[in-house]
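This briefing is for a reader meeting the structure for the first time.

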Amino acid sequence: MKSYVNRANTGANLPALRGHNAALVLDLLRAAGEGGISRLELAERTGLTPQAVSKITARLRAEGLAADAGRRASTGGKPRTVLRLVPDAGHAVGLHLDRDELTAVLVDLTGAVVAERRAPLAFGAGADAVVAVAAQEVRALLAGHGPVSGVGVALPGPLDHAAGVLHRVTGFPAWDGFPLGDALAERLALPVVVDKDTNAAALGLALAGAAESFAYLHLGTGLGAGLVLGGALYRGERTGAGEFGHQVLQLDGPACECGDRGCVEALCLAAVARGALDEAARVLGTAAGNLVGLLDIDRVLLGGRTVFAAEDLFVRGVGAVVDERVRRGGGGARVPVALAPGGERGVAEGAAQLVLAPVFGRADVALPAHRG
């Protein structure tokens, strides 16, 4: 049985929610699926009184978020009425802004994708042009669909997720200081939450139960990591954790767009450009091994378009290097290396969870929304 603790409910919320207890109830309704869950079970699992649960569920039903799911035989007395979540009572948008492509998904309250759009994107065209394309695609995605709680935006870092402000995106210094969250919120008149692509993907994986502590490594147009430590997404004190691509592996190596030399991102991308994918996998595996040795994580999950284009090669190549590193370190347990589920829209789906996770009391840190 899942254990619940009273933590502050933070982030972008559905208008119906007025407290953390309601979020706990909604999370249990979501987990119960179509079969539903009784009020008595809700009280037992949340630690709330039956009277409090009745008040919360009455409000959720009145606002269309919960509905009857039939009756269930009880051990005594009359059958219990069970309740279920209404998936299409709310939606969230997940927006993945890559350097050359946009992916947008609309998900319901269960996280299921109900609509998707893709479009070319050019970071080099400047912030105003990118925001215009993003807003246009989100509006098209929302056409004909029900209420929307907000938009989660995931893109390459570094950035300040709390303020929704970008820092010096590698290769695009003109973006430094751009308030993306406010700019999109103003265009869309919706709450907007901004985070790194790797963090968004890692959040989605953590909510799906990937592991207690793992690293999500994303190799596409760039290279980064999302870190989940002790069950919580780790961003660091200055929200800069996960800049995995800019650890130096070769002191006299090729120049990187970050200004350093011999970064793992530069080495990986150079190998990919030459078609030397085996070499790229070994380089990525060496950096992953450093991460495993430093953080003692349970798993390594791989994603990004370059990985998905040669899945077996990267899983085997990275896995072999990590296995060797663990053996040399005397570790008893193997650290599995696997492909991240979700495919190429995993980042966009994770971005939608930036909005939904706080609604269900599942946010690990505050995710302030930018109001339009």
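A salt bridge here is a side-chain nitrogen of Lys or Arg within 4 Å of a carboxyl oxygen of Asp or Glu. By this rule the count comes to 16 salt bridges in what is a predicted model.

**Salt bridges**

- R362 forms a salt bridge with D27, in which the closest N and O atoms are 3.6 Å apart. This pair links distant parts of the chain, since R362 lies in the segment after α11 (346-359) and D27 in helix α1 (residues 20-32), 335 residues apart.
- E137 lies in helix α4 and R117 in strand β6, so the pair ties together parts that are 20 residues apart in sequence.
- Of these two residues, E137 counts as buried at 6% relative accessibility, while R117 is partly exposed, with a relative accessible area of 34%.
- R345 and E349 form another salt bridge, their closest N and O atoms being 2.8 Å apart; R345 is partly exposed, with a relative accessible area of 29%, and E349 counts as partly exposed at 23%.
- Salt bridges also link D98, D100, E101 and R305 in a network.

**Aromatic rings**

- F123 and F172 form an edge-to-face aromatic pair, with 5.5 Å from centre to centre and 65° between the planes. The pair links distant parts of the chain, because F123 is in the loop between β6 (113-120) and α4 (127-142) and F172 is in the loop between β9 (165-166) and α5 (180-188), 49 residues apart. F123 is buried, with a relative accessible area of 1%.
- W175 and F178 form an aromatic pair that is likewise edge-to-face, at 5.6 Å centre to centre and with 85° between the planes. W175 is buried, with a relative accessible area of 3%, and F178 is buried as well, at 16%.
- F123, F172, W175 and F178 together make up one aromatic cluster.

**A charge over a ring**

- R30 lies over the face of F360, at 3.8 Å from the ring centre.

Key: Residues are numbered from 1 along each chain as its sequence is written. This is a predicted model: local features need pLDDT of at least 70, side-chain atom pairs count only at pLDDT 80 or more; totals for chains, interfaces and linings use all residues. Side-chain values use heavy atoms; hydrogens and water are left out. Rings of Phe, Tyr and Trp (its six-membered ring) pair if their centres lie within 6.5 Å; planes under 30 degrees apart count as stacked, over 60 as edge-to-face and the rest as tilted. Helices (H or I, at least four residues) and strands (E, at least two) are DSSP runs, numbered from the N terminus. Buried means under 20% relative accessible area, exposed over 50%, partly exposed in between (1.4 Å probe, protein chains only). A charge sits over a ring if NZ of Lys or CZ of Arg is within 6 Å of the ring centre and within 35 degrees of the ring normal.
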